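This report considers how one protein chain is arranged. Please examine the sequence and the structure before reading on.

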Amino acid sequence: MNILDALMAAQNGGAVKQLGQQFGLGDGQASAALSALVPALASGLAKNATREGGLEGLTAALSGGRHGSYLDDLGSLTRPETVADGNGILGHILGSKDVSRQVAAQAAASTGVGPDILKQMLPVVAAMMMGALAKKAGGGAVPAGLGAAPAGMGGGLLDMLTPMLDTN
């Protein structure tokens, strides 16, 4: 299952519903926003993971954090600490607020959801993405092959990201 499918299916669609309610969107708009934002975030995460030390950093972040709880407790998505964590994640995977703004603008053009709402959603979606990856990692266990091959070649976490890379 790729990362977008994992987010759409989280809590039997409850994560999409929560995201929509949190940002004043219908389920269809929330799904469209996820579909537009996740490929860009996955691309940034995959690029960082393939840099020297990047995969180890990702593994450490997944094993040291409580990211999986974001999808277990959907109410946590509304908390300021989740937004702060998501902003930290965005800083690592996108590098700057300018890139985040560009991602939101591109997503707005394809979804009809306003860029201001998408900018607010980005940190929450980043946190949700890390939650899905943490769940894939088994709550801290490193999947077999994670560090053995480049992105898309070794299975595990990076396989959740690679289907998104062609759509970005």
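Is Lys17 buried, partly exposed or exposed? Its relative accessible area is 40%, so Lys17 counts as partly exposed. The model discussed here is predicted.

## Overall architecture

The protein contains nine helices and zero strands. Read along the sequence, its pattern is therefore α-α-α-α-α-α-α-α-α.

Of the 168 residues in the protein, 47% are buried. Among contacts between residues at least 6 apart in sequence, 71% join residues at least 24 apart.

In soluble globular proteins, nonpolar side chains tend to be buried together. In this model, the largest nonpolar core has 46 residues, and those with the most contacts inside it are Leu41, Leu118 and Met121. Two or more residues of this core come from each of the following elements: helix H1 (3-9), helix H2 (14-23), helix H3 (27-50), helix H5 (69-72), helix H6 (80-93), helix H7 (97-111) and helix H8 (115-136). Helix H8 gives the largest share, with 12 residues.

When residues up to four places away in sequence are not counted, Leu41 touches Leu90, Ile93, Leu94, Leu122, Val125, Ala126 and Met129.

A search of the whole structure finds five salt bridges. One of them joins the side chains of Lys17 and Asp27, with an N to O distance of 2.8 Å. Because Lys17 lies in helix H2 and Asp27 in helix H3, this pair ties together parts that are 10 residues apart in sequence. Asp27 is partly exposed, at 38% relative accessibility, and Lys17 is likewise partly exposed, at 40%.

## Salt bridges within a helix

In helix H8, the side chains of Asp116 and Lys119 meet in a salt bridge of 3.5 Å, N to O. Asp116 and Lys119 are three residues apart, and therefore separated by about one helical turn. Lys119 has a relative accessible area of 36% and is partly exposed.

Technical notes. Residues numbered from 1 in each chain as written. Predicted model: local features only at pLDDT ≥ 70, side-chain atom pairs only at ≥ 80, totals over all residues. Heavy atoms only, no water. Core = buried A, V, L, I, M, F, W, Y, C linked by side-chain atoms within 4.5 Å. Buried < 20%, exposed > 50% of the residue type's maximum accessible area, 1.4 Å probe, protein only. Helix = DSSP H or I, 4+ residues; strand = E, 2+ residues; numbered from the N terminus. Contact = heavy atoms within 4.5 Å. Salt bridge = Lys/Arg side-chain N within 4 Å of Asp/Glu carboxyl O.
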